[in-house]
Amino acid sequence: MKSRTGKILLHVFASLCFLAVPVVFSPDFDLSFRLMEVGGFRRDLLAYVLLLGVFYAHYYHFIPKFFHSKEYVIYGITVLLCFGLVAGVPLLVKGKPPLHLTEMHPPVPNEAPRRDGPPLVYAMERNIVRFAMVISIALLLSIYDRLRKTEQGKVDAELSYLKAQINPHFLFNTLNSIYSLAITRSEHAPTAVLKLSAMMRYVTTEAHNDRVPLEKEIDYVSNYVELQRIRLGQTVSIEYHVNGEAGNKQIAPLVMIPYVENAFKYGVNPEEESYINIQITIEQSRLTMFVKNKIVRVDYSDEYKSGHGMENAAQRLKMGYPGKHTLNSGRFDKEYLVNLEIDL
């Protein structure tokens with residue numbers, strides 16, 4: 001809140017300083033309130049007001065909507081229209097000749113009146129520099145803000161990603177399950193230990209890279225699902241299939257697991273009929289993952305049930321696969337569906 005208030009005050013101060021420029025640098029500055037009678041000053045002041053409006057219109061609307069969306073032709077037309085507004089509208093303003101010149105050279109009787117104000121070409125030459133500076137500053141600030149937000153989003157996503165590499169709830173539950181399996185001398189105990197070990201090895205040795213072999217990523221998901229199957233037993237129906245060959249394909253690490261974790265997090269309740277369906281398909285350079293789970297009643301702490309994991313997963317996809325992925329997820333009736341497609 002304090003940061004936002006400070007930003008608003010900074011913009012107000014900068015705007016007032018900008019609008020003070022035509023006043024301070026006017027040759028008739030010492031003429032006090034009579035300054036508003038001068039046509040040249042009124043045109044200059046209006047031009048600065050229009051430039052200020054153009055700056056904020058571009059900074060908050062045109063640049064994000066057109067420039068950052070790579071609609072450069074539309075943005076170029078917008079720039080030209082705005083320049084025509086800034087250069088043309090002030091020429092319509094009338095007023096007295098410069099007062100300092102009038103007082104130094106009183107008008108001669110019967111002398112033809114002087115033209116007050118610069119010609120159109122001179123006005124355009126005068127405004128084009130100021131206009132270019134305003135547009136350039138708006139562009140630079142907008143690009144800087146975009147980069148800063150991207151970097152902050154990247155830091156937040158990476159921090160969440162590091163925290164969630166091994167979900168602590170999953171780890172504790174799995175260790176408890178392995179303990180129970182060991183106590184009962186279940187034949188599944190060694191398998192569970194090996195799968196958990198493989199997952200932790202993958203996280204510590206591979207997951208910090210920008211890209212990892214797709215085969216290892218799918219193995220990580222498969223081990224997670226199998227551990228959940230061992231832990232949950234017959235309390236939930238789990239369908240998990242991988243179709244296609246991973247080959248030598250690469251993928252960003254841990255981009256699929258949040259959606260699988262979410263299915264087990266909100267789709268399992270021993271007191272209700274629960275089911276989870278996970279399908280991973282690899283076709284040439286495209287990977288598709290479909291996840292479906294029944295939404296059941298689950299009681300978790302506020303910290304554990306926060307939706308930041310899904311938000312950060314989506315953010316990582318945007319950063320890792322800009323324009324190369326589609327993600328559709330949401331609640332449909334009593335089911336939660338996720339459909340993720342990635343161009344590898």
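**Entry 1, the cores.** I began with the largest nonpolar core, which has 48 residues; Val 260, Phe 264, Ile 278 and Ile 280 have the most contacts inside it. For my own record, a nonpolar core here is a set of buried Ala, Val, Leu, Ile, Met, Phe, Trp, Tyr and Cys residues joined through side-chain atoms within 4.5 Å. Buried means under 20% relative accessible area, exposed means over 50%, and partly exposed lies in between (1.4 Å probe, protein chains only). Helix α8 (residues 214-232) gives the most to this core, with eight residues. Helices (H or I, at least four residues) and strands (E, at least two) are DSSP runs, numbered from the N terminus.

A reminder to myself: this is a predicted model, in which local features need pLDDT of at least 70 and side-chain atom pairs count only at pLDDT 80 or more, while totals for chains, interfaces and linings use all residues. Residues are numbered from 1 along each chain as its sequence is written, and side-chain values use heavy atoms, with hydrogens and water left out.

Next I looked up Phe 264, leaving aside its neighbours within four places in sequence. Phe 264 is in contact (heavy atoms within 4.5 Å) with Tyr 224, Val 225, Gln 228, Leu 232, Ile 238, Ile 276 and Ile 278. I also found a second, separate core of 19 residues, with Leu 50, Leu 51, Phe 83 and Ala 138 among them.

I picked out Ile 137, which is found in helix α5 (residues 120-163) and counts as partly exposed at 42% relative accessibility.

My search of the whole structure finds six salt bridges, each a side-chain nitrogen of Lys or Arg within 4 Å of a carboxyl oxygen of Asp or Glu. One of them joins Glu 226 to Arg 229, with the closest N and O atoms 3.4 Å apart. These two are three residues apart in helix α8, so about one helical turn separates them. Glu 226 is partly exposed at 25%, and Arg 229 is partly exposed at 30%.

Then I turned to Arg 286. Its salt bridge with Glu 341 has its closest N and O atoms 2.5 Å apart. This pair links distant parts of the chain, 55 residues apart: Arg 286 is in strand β5 (residues 286-294) and Glu 341 in strand β7 (residues 335-343). Arg 286 also forms a salt bridge with Asp 343, the closest N and O atoms being 2.9 Å apart. Since Asp 343 lies in strand β7 as well, that pair ties together parts 57 residues apart in sequence.
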